[in-house]
Amino acid sequence: MSTARNMRILILGAGAIGGYYGGRLLDGGADVTFLVRTKRAALLCRNGLIVHSALGDVKADVHTEERPGRIYDLVVLACKATGLDAAIDAILPAIGPDTTVLPLLNGVRHLAMLDERIPQAAILGGLCHIGATMDDKGEIRHLNDLQRIALGARRPEQGRAAERVHAALSRGGIAPVLSTDIMQEMWEKFVFLTAYAGLTCMMRAPVGAIAATTHGKAVARELLEECAAIATASGYPPAAEFIESSFVTLSDERSEGAASMLRDVLQNRKTEQDHILADMLSRARSAGVSAPILRLASTHMEAYEALRAVHSD
């Protein structure tokens with residue numbers, strides 16, 4: 001594999017996540033190519049990649065491909081889980097014997113899907129915490145000052161590859177975290193995101209409005225504890241400090257925050273329900289953990305997806 005200085009990086013997707021982190025890397029002088037569809041490629045060619053952020057704006061000319069024309073050292077998956085099968089098809093020509101793959105998807109279900117089609121030794125664990133969206137002009141808007149990204153080895157033999165990727169991503173001011181237990185971190189994010197999405201989507205409201213109701217905080221606490229119990233039964237017990245800080249976020253009456261899944265619902269888009277709520281509920285059933293509020297939240301989203309499918313036909 002190339003050194004961090006000249007590592008060839010392919011980012012699948014130039015939306016909110018891929019566009020933001022890719023823009024930061026480009027700003028730091030990294031060798032970045034975006035794998036995107038024809039329409040997005042044309043827009044990026046015409047206008048460049050534009051990121052608006054309180055941490056500093058980015059406007060950069062970019063190199064794009066619609067199909068990989070070479071092998072890359074690092075492939076970053078920054079797509080939604082709903083498009084994972086197509087994403088894997090798209091990146092396969094870019095993967096050689098020394099390529100490392102870093103998925104930045106929500107949940108953990110995607111790891112098994114990737115392991116089925118790509119050598120497991122190539123696939124690191126990874127996650128990001130960021131509030132970002134892509135506007136109607138195709139520009140990335142960073143919604144807060146959070147840009148945390150963490151990665152790590154899922155198996156001991158990946159240690160050196162994880163270190164090289166960490167060094168490469170350190171360009172552009174991102175300050176990535178090289179985790180010593182990335183699966184634990186991914187599961188803790190999975191717990192929080194499931195509770196966050198379940199709560200705000202089920203109530204069709206931001207956290208503050210829910211927390212201000214008579215039983216909103218209690219529902220948030222119970223849903224969070226259900227998800228934590230599932231994680232514990234799956235071998236990844238969340239730390240007590242994590243649970244308490246998560247509850248603080250989910251019970252803040254001043255908060256206007258809502259999960260990106262709710263934004264998808266309000267815009268009548270397909271959601272990551274199968275990879276978040278439904279997957280967590282499936283794991284609850286397998287582990288024999290009772291999760292009545294999660295079951296209600298997942299059923300709510302399943303009904304949304306069913307109605308959406310009927311109306312789109």
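Modeller: Happy to, and let's take helix H1. First, this is a predicted model, where local features need pLDDT of at least 70 and side-chain atom pairs count only at pLDDT 80 or more, while totals for chains, interfaces and linings use all residues. Residues are numbered from 1 along each chain as its sequence is written, and side-chain values use heavy atoms, with hydrogens and water left out.

H1 covers residues 16-27; helices here are DSSP runs of H or I with at least four residues, strands are runs of E with at least two, and both are numbered from the N terminus. From first C-alpha to last, the twelve residues of H1 reach 16 Å, close to the 16 Å expected at 1.5 Å a residue (that is, 1.5 Å times one less than the number of residues).

Now, what surrounds H1? Ten of its twelve residues are buried, so the helix is largely enclosed by the rest of the structure. Buried means under 20% relative accessible area, exposed means over 50%, and partly exposed lies in between, using a 1.4 Å probe and protein chains only. The buried residues of H1 include the glycines Gly18, Gly19, Gly22 and Gly23.

After H1 comes glycine 29, with a positive phi near 90°.
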